[in-house]
Amino acid sequence: MSENGLPSPNHILFVKALRKTFGLIQALRGIDLELFKGEFLTIFGPNGAGKTTLIKILSSLAKPTSGTAYIAGFNIEDANPQMRSQIGVISHASYLYDNLSALENLVFYAKMHRLENPEERAAQVIDEMGLKARMHDPVGVFSRGMTQRLSIARAIINNPAILFLDEPYTGLDQHASENLKERLSVLRDAKRSIVMITHDIPRGLEMCDRVAIMADGKKAFMGHVDDVDKNSFEGFYYQTIANSRVDKNRK
């Protein structure tokens with residue numbers, strides 16, 4: 001963590017003492033987190049660990065109770081258009097219109113971001129996601145995997161500084177999952193900054209530079225993926241969760 005408590009120019013994500021409460025429920029209990037430009041972070045954790053709450057706050061969809069966070073140098077408390085333009089989000093909701101074609105959907109978002117040549121940019125990202133042949137088809141006839149790829153195209157159309165992915169493999173069959181992994185690999189190789197929440201330990205470890213475990217609203221572990229034993233990580237994950245629960249009950 002930065003010595004002066006502020007992000008450096010190389011930070012894409014900088015989080016300090018972030019808390020979120022809902023009445024008596026402590027969803028986040030003092031999260032510290034940092035990620036540098038071009039890095040891929042995978043966050044694992046059981047249901048109720050606070051992962052989705054964290055993503056919602058970092059993507060300006062919710063406000064923290066206390067603490068600070070910076071995205072690409074912007075304080076999330078400002079939540080201004082400039083900061084929001086640095087963020088792309090892929091979640092369970094596609095935010096696509098079923099009655100519009102893939103191209104029409106993406107042109108809509110390109111215009112919303114006030115991009116130059118919206119039709120050209122929309123066609124470009126559709127092609128990058130391997131959907132060029134279906135760009136004029138209505139999204140309502142797309143498979144779950146195709147819809148997920150188009151969601152990624154939507155999220156990157158304005159070339160954001162960081163992407164947040166909340167369980168992107170949910171509901172995908174094996175073929176669609178492999179296709180999605182290939183698309184994410186392209187984004188990773190292009191040095192996009194990515195934060196992904198997933199329960200899929202093998203895929204999560206395969207993709208990332210850094211790995212974190214959340215439990216009971218806290219960061220229970222974070223390290224570089226090269227410093228963890230992938231063969232024994234699943235056991236380490238469950239032991240970390242168990243230890244975190246013991247520590248919480250002692251307090």
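Asp-137, with a relative accessibility of 25%, counts as partly exposed (partly exposed lying between buried, under 20% relative accessible area, and exposed, over 50%, with a 1.4 Å probe and protein chains only). Its partner in a salt bridge is Arg-134, with an N to O distance of 2.4 Å, where a salt bridge is a side-chain nitrogen of Lys or Arg within 4 Å of a carboxyl oxygen of Asp or Glu. Arg-134 is likewise assigned to the partly exposed class, at 31% relative accessibility. The model is a predicted one, in which local features need pLDDT of at least 70 and side-chain atom pairs count only at pLDDT 80 or more, whereas totals for chains, interfaces and linings use all residues. Residues are numbered from 1 along each chain as its sequence is written, and side-chain values use heavy atoms, with hydrogens and water left out.

Lys-181 is buried at 16% relative accessibility, while Glu-206 is partly exposed at 42%.

Arg-203 and Asp-200 form a further salt bridge, their closest N and O atoms being 2.9 Å apart. Here Arg-203 counts as buried, at 16% relative accessibility, and Asp-200 as partly exposed, at 22%.
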